[in-house]
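User: I should like to learn how to read a structural model step by step. Could you guide me through the main features?

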Amino acid sequence: MSEQPEVAGRFQQSLPAAALLALGLWVGYTSFNTEDPQPYLFPQLISVALVLLSGMALFRAFKGTNRTGAGVPLDQLGRIAPAIGLMLVCVFVMLPELGFYSGSALGFFILFSLYDPASHKSPAVWLKRLVITAGFMTLIYVVFALGLQVQTPRGLFI
Amino acid sequence: MRIGAISGWKNVEFLQHFGPVFTLTSMAILCGGTVGGLLLGATPGLSPTMAVALLIPFTFHMTPIHGLMLLGAAYTATVAGGAISAILLKIPGAPANIATALDGNAMAKRGEGAKALQICFISSFIGGVIGIFVLIFLTPVLAQFALGFGPSHMFWIAILGVTIIGSLDSKSVVKGLLAGAVGLWIAMIGYDSIQGVERFIFSEHLEGGVHIIAALIGLFAIPQVIEMLEGGRIRHDVEVVKVQPHSIFKAVSETISKFRAATIGSLIGVVVGLIPGAGGQIAGLVAYDQARRFSPNKERFGTGESEGVIAAETANNAMVGPSLVPLLTLSVPGSPTAAVLLGGLLIHGIFPGPNLFEQHGDVAWAFINSLLIGQFLMLIFGLYIAGWAAHVVRIPPPILASGILVLGIFGAYSVQSSYADVVVMMVLGLGMYFLSKFGFSPAPLVLGVILGPIAESNYVQGRIIAEAGDGLLAYFCTGGLNLFLIALVLASVAYSVLTEIRMRRFESNQGAIA
């Protein structure tokens, strides 16, 4: 694993500041350009704070005086990308299509298997992963479905 | 106002509210919360804040008293449980246990692991009980004082909550305050509470607004899930120091004999706890440093001196009770975990503030009393399961991360039975992960989400009063209390700016020396 820099460079530091500045400008535009200003009185104040603070953060990023945040090095991004991709697929595809229990079980199993350092070739290891997933999901079912009586969207199997 | 008229101080009202704590259900919840909190606290990577955030959905299906008891027990136990991994592995379970690891692990390595754990839990108990008594006696005093607050004062208090956490909990003042402002904006998403006008709804998932629980789980749990996986497929080899049996009575005797460290720790913990935003990490480290200064054995600190463990653990537990004083009386949480507890109170329809003890006195006192009983349970369970709890830390990060993800999904869904809450949780969580990599902290953002509606409703009410009177500026910015609160807002920001400048100078001096 490569060593992380202590503070991210100017370009990386300016990305979140620029994104938040854009957010502040949009909130300001929406709040000040409305026929009925009453519901937007407080958002108007927030937009001013957002623009000022993100402007300061962006200015400091350009100057190179932002001293916090190591950023996300490319090698680290490569390691977490599968997890982030899987989480998004799990929430936006698996849960609605397979139901909460089947979708979550599949998500748990894939995420665990992806990052488990044990061999991917041994059937015994795969069996262990399946047993752990089944055990954990049974616990979740007992707690939420039987204990708390939460009705989740049904799909595959349950 | 006469101090003698203050109910909690004069009548020791809290004694009348122990009944609901000693029921079978309450005791079962307290025991479960304490054991669960100790185990969660002992697990590196699971912060007390995240543990409490993940527990909130479970409390939604309980009565307010039971729900708050569970959260309170888990809060106190996770802080104490963090010391287990600090002592046995030199990996603090939470930032509050950093100072404990310095001497606790050295003691464990020379075969005094059990003694270190026993001293740690006895010290935690002493600090915790002192802190809860400060909470019991100070809360009604402050609540009585705050009863005269109007909309302008409550507006400034909400802003103060965001600026204090934004300034003190973040290494960069600008980023801390910016996170707070983003949180305030997130709270505005959805339908306006007064006219029912749609605001900032740019996705169908946001029609119901951003629910506090989805925000709490997303902002605290999802970034930690991803952080656990940052190393990729690495083997998780943990060497746990073996624990030899040790007499509890000897540990009690040693802790009492070193009362100076316990006194220093308790005093510092109480003071730090009362300062909103300061937190257990500061309490533990400051107490450790002061105990070393006043100790005749200062050269032994860092090599396994029990005074170091006593000072650090009394301090980080003594801050728990006082950190709830500003939360219960002013809605200003004293720590990130207290901010999550505020979310827990709000979902049960309990609005902390000056009227809390008038409107929900029974719930508030039962909650505070349960914290006191929780200290005894934490001591009992801590002494007997500490050695065994060390095995929990052997759970490999991929299992832990996958488990937290699934728990987060079900937790976010269960409160309103809404799939949109799961989507909101995930989007906020991923966004927070990347923001945290650039020095943004989740605590001010969460506080913005929680305090946003309070700030807005008081701002709108204040404007109506101001328009009928002397105008906006005169209503919000004049009067002794308004000016005092504005001064506190400015002071919290100024203090953090000065600290940042000092740190920068220190770093550049260090660089020059190197």
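Predicted model: local features only at pLDDT ≥ 70, side-chain atom pairs only at ≥ 80, totals over all residues.

User: What average pLDDT does chain B have, and where in chain B is confidence lowest and highest?

Analyst: pLDDT is the predictor's confidence in each residue, from 0 to 100. Chain B averages 84, and 92% of the residues score at least 70. Helix α1 (residues 7-10) of chain B has the lowest confidence in that chain, with a mean of 48, and α19(B) has the highest, at 94. Over residues 1-9 of chain B, pLDDT stays under 50. For the complex, the predictor gives an ipTM of 0.91 and a pTM of 0.81.

User: How many helices and strands does chain B have?

Analyst: Helices (H or I, at least four residues) and strands (E, at least two) are DSSP runs, numbered from the N terminus. In chain B they come to 22 helices and 2 strands.

User: What radius of gyration does chain B have, and what would a compact globule have?

Analyst: The radius of gyration is taken over C-alpha atoms, and the globule rule is 2.2 Å times the number of residues to the power 0.38. For 514 residues the rule gives a value near 24 Å; chain B has 23 Å, which agrees with a compact globule. The C-alpha trace of chain B spans about 70 × 60 × 60 Å along its principal axes.

User: How much of chain B is buried?

Analyst: A residue is buried if 20 or more other C-beta atoms lie within 10 Å of its own, exposed if 12 or fewer, and partly exposed in between, with C-beta atoms placed from the backbone. Of the 514 residues of chain B, 62% count as buried. Helix α7(B) is mostly covered, with 16 of its 16 residues buried.

User: How far apart should the ends of α7(B) be?

Analyst: The expected span of a helix is 1.5 Å times one less than its number of residues. The 16 residues of α7(B) should therefore span 22 Å, and the end C-alpha atoms are 23 Å apart, which agrees. After α7(B) comes Gly190(B), with a positive phi near 115°. In chain A, helix α5 (residues 123-147) has 25 residues and reaches 34 Å from its first C-alpha to its last, close to the expected 36 Å.

User: Which residues of chain B other than glycine have a positive phi, and where are they found?

Analyst: Two cases may be examined. Phe200(B) has a phi near 55° and is found in the loop between β2 (198-199) and α8 (212-228) of chain B. With 19 other C-beta atoms within 10 Å, Phe200(B) is partly exposed. Ser417(B) has a positive phi of about 50° and is found in the loop between α18 and α19 of chain B. Ser417(B) counts as exposed because it has 11 C-beta neighbours inside 10 Å.

User: Is Pro48(B) buried or exposed?

Analyst: Pro48(B), in helix α3 (residues 48-59) of chain B, is buried, with 29 other C-beta atoms within 10 Å. Two residues are in contact if their C-beta atoms, placed from the backbone, lie within 7 Å. Beyond its neighbours within four places in sequence, Pro48(B) is in contact with residues including Gly41(B), Tyr75(B) and Thr337(B).

User: Which elements of chain B touch chain A?

Analyst: In total, 54 residues of chain B are in contact with 53 residues of chain A. The elements giving two or more residues to this side of chain B are α7 (173-188), α18 (397-416), α19 (419-436) and α20 (442-468). Helix α18(B) gives the most, with 11 residues. By class, this side has 33 nonpolar, 10 polar and 11 charged residues; Ala, Val, Leu, Ile, Met, Phe, Trp, Tyr, Cys and Pro count as nonpolar, Asp, Glu, Lys and Arg as charged, and the others, Gly among them, as polar.

User: Which residues of α5(A) are buried, and what do they pack against?

Analyst: The buried residues of α5(A) are Arg129(A), Thr133(A), Phe136(A), Ile140(A) and Phe144(A). They pack against α4 (100-115) of chain A together with α18 of chain B.

Technical notes:
Residues numbered from 1 in each chain as written. Chains lettered and ligands numbered in written order.
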